[in-house]
Amino acid sequence: AGEKAVEDVIDMADALSKNIGGEVGADIAAQKAKVSDLLKKLQDVIDDPKATPEQKKAAQEELKAAISDLKKACNDHLAAKVVDTFVDITGPIMELQAAALAPLPPPEKADKFNSRAADFSLHAEQLCRVAEIATDVGCDEDPHRHDNIKLSIEALRDATPLVVYSGKTLSLNAESESAKENFDLVKQQWVTEAVRLRSDVDKCVKPTDFLVESERKVKEEGDAARSLMKSSPKEAVVKVATVQKITNRVLEVTDAELENVGESQYKVKLLDHRANLEKGTVLCTVFCIICTVFCIICTVFCISCTVHASFQTLVILRFNILSLDH
């Protein structure tokens, strides 16, 4: 049974490394190869009649450590991809709709729509690719969720070209009520599938891993906002808006965690931390709205808001890590 469990981890890592490619994929492949070698080494030691109990124990501990490192690498990568990719699932489709309805000369409107359509299609495919990674890494305990994700991926890929086609029709007939209604219909179908996919993918990620990667992303965007404060205030505000979206995602994942725990001191404290984070998110929303009117003047407030939201995220992060044994 132990050998089968190790082989399952190796198969998972193999699928993941092939799915993602690049340096991260190569690193996971190297760790997978190390586990395979150590598994063979342990089998050889066990089969060796001259091997001492100490040698067998050492081989087992070495394999155990390598498996732990490999699992962590896979889980960390999945969490990072989910945080980065699913932070805003509806933005590109809203931009596509805006391009279809933009009051521009035909050639300029066509160029803008085609650009937004390409962005939307790429975004949809990225969602599906990350969801496929989730099926490789995070669904081993729930085959039903694995099947649900596969169905949602298929539905999202089928719906994406329909959205683009409907949007193209709307761009050519912006005053047509039937074109608007059709686009709204296919858009809603796409969004429904994307939200369902995100919900299932979130469940494939450990809450603590999600929070660690969210904190990383908040710090990354907050540092970028600070560096852009003087040179490009508008871009700094965009970074702060991303922080707001990340904190909203943390609220969603926290709500899902709350649904899975019974009445306990852990739940009471988590609710309190959630309330603190929500206050930070509301503050961030207010400053971002103000900045759309007085961008340069209010940039410093947005940066302060970024720091506040980051701090609140860290509070929940630390609490969740310390409460793993609830």
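A pocket is here an open set of grid points with protein on both sides within 12 Å along at least five of seven lines, and its lining residues have an atom within 4 Å of a point. In the predicted model, the second largest pocket is lined by 21 residues. Of these, Asp-84, Thr-85, Val-87, His-123 and Gln-126 lie nearest the centre of the pocket. The volume of the second largest pocket is about 460 Å³. By residue class, the lining comprises 7 nonpolar, 7 polar and 7 charged residues.

Several helices contribute to this lining. At least two residues each come from helix H1 (2-20), helix H3 (53-85), helix H5 (106-137), helix H8 (207-228) and H9. The most is given by H5, which supplies 5 residues.

The protein chain as a whole contains 11 helices and 0 strands. Read from the N terminus, the order of elements is accordingly α-α-α-α-α-α-α-α-α-α-α. The chain has 326 residues, and buried residues account for 46% of them. Of the contacts between residues at least 6 apart in sequence, 75% link residues at least 24 apart.

The mean pLDDT is 81, with 80% of the residues at 70 or more. Among the elements, the highest mean pLDDT, 95, belongs to helix H4 (residues 91-101), and the lowest, 48, to helix H11 (residues 295-322).

Because its relative accessibility is 17%, Thr-242 counts as buried, the cut-off being under 20%. When neighbours within four places in sequence are set aside, Thr-242 is in contact with Val-87 and Glu-221. Val-87 is also one of the residues nearest the centre of the second largest pocket.

Val-237 is likewise part of helix H9. With a relative accessibility of 12%, Val-237 is therefore classed as buried. The C-alpha atoms of Val-237 and Ala-225 lie 7.0 Å apart in space, while the two residues are 12 residues apart in sequence.

Asp-255 is also found in helix H9. Its relative accessibility is 30%, so Asp-255 counts as partly exposed, a class that lies between the 20% and 50% limits. Asp-255 and Leu-271 are 16 residues apart along the chain, and their C-alpha atoms are separated by 8.9 Å.

In helix H3, Leu-63 was considered. Leu-63 counts as buried because its relative accessibility is 5%. Not counting residues up to four places away in sequence, Leu-63 touches Val-35, Leu-38, Leu-39 and Leu-42. Between Leu-63 and Lys-40 the C-alpha to C-alpha distance is 9.7 Å, at a sequence separation of 23 residues.

The cysteines were also examined. Cys-74 has a relative accessibility of 0% and is therefore counted as buried. Cys-128 is buried as well, because its relative accessibility is 0%. The structure holds 0 disulfides, the criterion being a pair of cysteine sulfur atoms within 2.5 Å.

Terms used: Residues are numbered from 1 along each chain as its sequence is written. This is a predicted model: local features need pLDDT of at least 70, side-chain atom pairs count only at pLDDT 80 or more; totals for chains, interfaces and linings use all residues. Side-chain values use heavy atoms; hydrogens and water are left out. Buried means under 20% relative accessible area, exposed over 50%, partly exposed in between (1.4 Å probe, protein chains only). Contact means heavy atoms within 4.5 Å. On a 1 Å grid over the protein atoms alone, a cavity is a set of points where a 1.4 Å probe fits but cannot get out, and a pocket is an open set with protein on both sides within 12 Å along at least five of seven lines; lining residues have an atom within 4 Å of a point. Grid points are joined across faces, edges and corners, and a volume is the space filled by probe spheres set on the points. Helices (H or I, at least four residues) and strands (E, at least two) are DSSP runs, numbered from the N terminus. Ala, Val, Leu, Ile, Met, Phe, Trp, Tyr, Cys and Pro count as nonpolar, Asp, Glu, Lys and Arg as charged, and the others, Gly among them, as polar. pLDDT is the predictor's confidence in each residue, from 0 to 100.
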